[in-house]
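This report describes selected local features of one protein model and its ligand.

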Amino acid sequence: MIRCRALAGLLCLCLASTVALVARAQNVSSPYHVNAQRLQSTLVKLSEYGRNPDGGVTRLGYSETDMAAREYVIGIMKDAGLSIRIDPAGNIFGQRDGSQKLPVILFGSHIDSVVHGGNYDGDVGSLGAIEVIRALNESSMKTRHPLEVVIWTNEEGNHFGIGTLGSGIAAGLIGPEILDRKDDKGVTFAEWLRRYGQDPAKLGDARIRQDLLAASLELHIEQGPNLYERQIPIGVVRSIVAVGRWDCVVSGTANHAGTTPMNRRHNALTAASKDVLAVRDVVLSETGTQVGNVGFMKVEPGAPNVIPGRAEFPVELRDLDDGKVLRMWEHVSEGLRQVDKEEGVDTRCESTDNVRSARATPAIQAAIRDAAKSVGLASMDLPSFAGQDSQNIAKIAPMGMIFIPSKAGISHSPEEYSSPQDIANGAEVLYRTVLLLDQRLNP
Ligand code: GLV
Ligand code: MN
Ligand code: MN
């Protein structure tokens, strides 16, 4: 009898867990509103624009490839019923009306990539945002606030050397001084705006008035290892790093590489190589999460039998504390001056980018946490060590970011990968966060 009852209990337990499993698989207990497959198919389609034969994608902001990809994305935004507007910086907005006259809840990301990048950085948040709109349409959900999907232009800044460019203009942090800036082919930013169908003289109109936004949200891959290694599906971003960039040019003397004695050379490349190590040494000289990078070097004239007379490279420094970035730069500058003396060269650096750190708004972080919990997903708070458009928008609106895991923490590489399940989780949390904010903001 006892054995019998125990057996029945076990069966009951088994059945209960089977039902729970089926319910989970069918999303009965926590239904997903977003359609994972549909979202995945748009990601696959977008990956065709700028695809590299050896994997990944090169889709620089303000390029022919980006233009074609934008047309694709604008098409699916229109199909989702959004009213499209493009600002003078080329940022794309798609609006869905709200039932009340309230400021906008803005969400989206970017579709440009780094040189030889992957298919998830920016794409997940952009297409995830459009998927949220489709899901709202399918559930006939009306929001009080107008909703706006945004695709920011040139987030990576590999073109023109300025990251988060479109959002920087929209936030009023970058002004018309940028118009005359030339890219490495000598084409000005103003000319690229014309190619994008915009009037450069109206750049100032891209600025978003502070009272127009109720909140800004961005879904993004983490691009680091924290969520993946801890197997936590959702990250709630606390803060975003400051990014400083400087372009440095070392001027030495080009001369015959065979006839010039070693002690009479002014070798720009030797000096620049020591400069790279100086950057690393400064960054490593104190404890903390600060980082530094020299991402490329251009050397002239570039022949095996000529001593390099000129070397050009960018220095990038990042930390969650703006002050530390500037302090590190002062130490790097001292190091470069020392190398100049040792090598008999002259190095000049110019600041090209200075994106300030930002903090996510606590009420939006709480809404993201609650949204994740409602889907049954664990979350953790973490900083973003990648630069984000959201850090610019934080200057004009309450801001929050949702992270999903990046396989092995790899990003800015063709190896970048986030699983369809992780992407669907992120989009569902975005869907629910939008609805929570719609209830909680402007009661
Ligand atoms: C953008 O992803 C950056 O962090 O540079
Ligand atoms: Mn990105
Ligand atoms: Mn990136």
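Asp-87 is buried, yet this residue has no salt bridge, and the nearest side chain of opposite charge, Arg-85, is 5.7 Å away. Buried denotes a relative accessible area under 20%, exposed over 50%, and partly exposed the range in between, with a 1.4 Å probe and protein chains only. A salt bridge requires a side-chain nitrogen of Lys or Arg within 4 Å of a carboxyl oxygen of Asp or Glu. For charge, Lys and Arg count as positive and Asp and Glu as negative, while His and the chain ends are not counted.

The model is predicted: local features need pLDDT of at least 70, side-chain atom pairs count only at pLDDT 80 or more, and totals for chains, interfaces and linings use all residues. Residues are numbered from 1 along each chain as its sequence is written, chains are lettered from A and ligands numbered from 1 in the order in which they are written, and side-chain values use heavy atoms, with hydrogens and water left out.

Asp-87 sits in the loop between strand E1 (83–86) and strand E2 (92–96). Helices (H or I, at least four residues) and strands (E, at least two) are DSSP runs numbered from the N terminus. Apart from neighbours within four places in sequence, Asp-87 is in contact with Phe-93, Gln-198 and Ala-206, where contact means heavy atoms within 4.5 Å.

**Strand E16**

Strand E16 (residues 399–404) is mostly covered, with 6 of its 6 residues buried. Met-399, Met-401 and Phe-403 point one way from E16, Gly-400, Ile-402 and Ile-404 point the other way, and all are buried. In a regular strand the side chains alternate between the two faces of the sheet.

Two strands pair if DSSP finds at least two bridges between them. Strand E5 (residues 213–221) runs parallel to E16 and is joined to it by 6 bridges; Ser-216 has Met-399 as its bridge partner in E16. Strand E6 (residues 234–240) pairs with E16 in the antiparallel sense over 2 bridges, and the partner of Gly-235 in E16 is Phe-403.

**Ligand 1**

The residues surrounding ligand 1 are Asp-121, Glu-155, Glu-156, Gln-223, Arg-245, Arg-318, Ala-386, Gly-387 and His-412; a residue qualifies if one of its heavy atoms lies within 4 Å of the molecule. An oxygen atom of ligand 1 is 2.7 Å from an N or O atom in the Arg-318 side chain. A polar backbone atom of Gly-387 is 2.6 Å from a ligand oxygen, and a side-chain N or O atom of His-412 is 3.1 Å from a ligand oxygen.

**Salt bridges**

Side chains of opposite charge can pair when their charged atoms come close. The structure holds 24 salt bridges, and the table includes three of them.

| Glu-48 | Lys-45 | 3.1 Å |

Glu-191 and Arg-194 both lie in helix H6 (residues 189–195), 3 residues apart, about one turn of the helix. Glu-191 is partly exposed because its relative accessible area is 27%, and Arg-194 is likewise partly exposed at 47%. Glu-48 is partly exposed at 41%, as is Lys-45 at 33%. For Asp-199, a value of 35% also counts as partly exposed, and Lys-202 is partly exposed at 45%.

**Backbone geometry**

Most residues other than glycine have a negative phi, and most peptide bonds are trans. The peptide bond from Glu-300 to Pro-301 is cis, with omega near 5 degrees. Pro-301 is placed in the loop between strand E10 (298–300) and strand E11 (306–307).

Tyr-62, although not a glycine, has a positive phi of about 55 degrees. Tyr-62 lies in the loop between helix H2 (36–46) and helix H3 (64–79) and counts as buried because its relative accessibility is 0%. Asn-442, also not a glycine, has a positive phi of about 45 degrees. Asn-442 is found in the segment after helix H12 (420–440) and, at 33% relative accessibility, counts as partly exposed.

Technical notes: Polar contact = N/O pair within 3.5 Å; in protein donor to acceptor, adjacent residues only side chain to side chain.
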